[in-house]
Every structure is written in structure tokens, then in C-alpha cells.
Amino acid sequence: MIMAFKQAASRFASGVTVVTTRVGEEVYGITCSSFASLSLDPLLVTVSVNAHSPLLGRVRASGCFAISVLHREQREISQYFATRDRGGAREAFDGFPTSLHATGAPVMDGCLSYFDCRLHDVLPGGDHRILVGNVVAAGGDLDGGEPLLYYAGGYRSLESPDRGPDRGEA
Ligand SMILES: Cc1cc2nc3c(=O)[nH]c(=O)nc-3n(C[C@H](O)[C@H](O)[C@H](O)COP(=O)(O)O)c2cc1C
């Protein structure tokens, strides 16, 4: 059953994000595709994080986290932060420049968009924990940038980026 679950879940195409936080001088980040926009009033987003990830304790300590939605050219960032226990650094990530916005959690330079969040809640979710973030700043490159996508266990990119939004018209 777990194989069927994994195969079914792998057929859900998603974007790729890096979730980061800062505690004092230390920064930490992990690659996450479980991002979801949750609420407009208040502005809330969620991301599901493995219960054993060192990120969780750091987010609890800092009370904030940032979500950087990766650009299609940022596959290397995704791979770096998807490596276990690789995500910690003093002050700055080696080779990956970041900028600060509202909370002090680092946002990846060149990302497609970002959400800078204060920690709203941590909810149980089996072997994961659901971070609920109250968005205090957001932004990004909304002029033609293309996302990094993840599907069926591999990285993808859009095939027809110039088609425009599908509004369901007949
Ligand atoms: C495309 C992609 C998406 C991922 N999404 C998540 C996710 O949503 N939540 C999660 O906990 N791990 C996710 N992972 C796995 C973590 O990035 C990986 O386990 C990482 O090593 C965690 O770092 P840590 O050991 O410092 O916690 C994803 C990995 C990839 C490649």
C-alpha cells in the first residue's frame, strides 16, 4: 500500500521551495515541495516538514521562517538543500546568496517568489509536522520567470510558458 501511495503522490506535479530560518547567527534550510497557500484572512501558508528535521526546532526557536519558490534555473539549490543535515550554516549559505525582508529568515536571491512568515502554529501530521505561517511579507519576479517543477521523482519545467492562465472558458 505504501508503494501505491508513493506512486499516486508522485503524480501530483508541484513547484519546489526552500524553507529557511535564522536563529541568532545560524541559518538553516531544507527543500520542500509541500507548500500550500491556506488562507487570505488572515494570510496563512503551510509547509509539511519531516518530524526529525533539525529545521523544526530552529523554527520554534526563531518564531519565523521564509519560503523561497525556486526559479527553473535553481535546481542546484534544490539539490543542495535536499541533502540530509546539509542545510545549516553560520551567517550565510555557502555559494547561495540570500536577502532579508521582514523577519530575518533568509530568502534565496533569484527565486521566483517568496513568503516571509511569522510562525502561527505547528500542527501534528503523522511523521511530519505542519508549519503554519502568518505571511508578513511576500513578493517576487512576476514578469515571465519560470518555476522549477517536480514530478514523478524528477525535475521538470513548463513546456508552454507563454500560454497564459487557463480560466476554464469553453
Ligand atoms: C523536490 C523535493 C521536495 C521535498 N519536499 C519535502 C517536504 O515537503 N518536506 C520535507 O520534510 N522534506 C522534503 N524533501 C526532502 C528534504 O529536502 C530532505 O529530506 C532534506 O535532506 C531534509 O534536510 P534535513 O535532514 O536537514 O531535515 C524534499 C526533497 C525534494 C528533492
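**The ligand and its pocket**

About 1200 Å³ of space lies in the largest pocket of this predicted model. A pocket here is an open set of points on a 1 Å grid over the protein atoms alone, where a 1.4 Å probe fits, with protein on both sides within 12 Å along at least five of seven lines; lining residues have an atom within 4 Å of a point. The volume is the space filled by probe spheres set on the points, which are joined across faces, edges and corners. Residues are numbered from 1 along each chain as its sequence is written. Local features need pLDDT of at least 70 and side-chain atom pairs count only at pLDDT 80 or more, while totals for chains, interfaces and linings use all residues, and side-chain values rest on heavy atoms, with hydrogens and water left out.

The pocket lining has 35 residues, and Thr31, Cys32, Ser33, Ser34 and His128 lie nearest the pocket centre. At least two lining residues come from each of α1 (2-10), β3, β5, α3 (75-81) and β12 (149-151); helices (H or I, at least four residues) and strands (E, at least two) are DSSP runs, numbered from the N terminus. By type, the lining splits into 16 nonpolar, 14 polar and five charged residues, where Ala, Val, Leu, Ile, Met, Phe, Trp, Tyr, Cys and Pro count as nonpolar, Asp, Glu, Lys and Arg as charged, and the others, Gly among them, as polar.

This pocket is where the ligand sits, in the sense that more than half of its atoms lie within 2 Å of the grid points. Around the ligand are 19 residues, with Tyr28, Thr31, Ser34, Ser48 and Ser53 coming nearest; a residue is counted if one of its heavy atoms lies within 4 Å. Nine of these shell residues are nonpolar, eight polar and two charged.

Oxygen atoms of the ligand lie 2.5 Å from a polar side-chain atom of Tyr28 and 2.6 Å from one of Ser53. For Asp85, a backbone N or O atom is 3.1 Å from a ligand oxygen. The protein covers 85% of the 630 Å² of accessible area that the ligand has on its own (Shrake-Rupley method, 1.4 Å probe).

Asp85 itself sits in the loop between α3 and β7 (88-90), and its phi is near 60°, a positive value in a residue other than glycine. Elsewhere, a cis peptide bond with omega of about 5° joins Asp41 and Pro42, and Pro42 belongs to the loop between β4 (36-39) and β5.

How values were computed. Polar contact = N/O pair within 3.5 Å; in protein donor to acceptor, adjacent residues only side chain to side chain.
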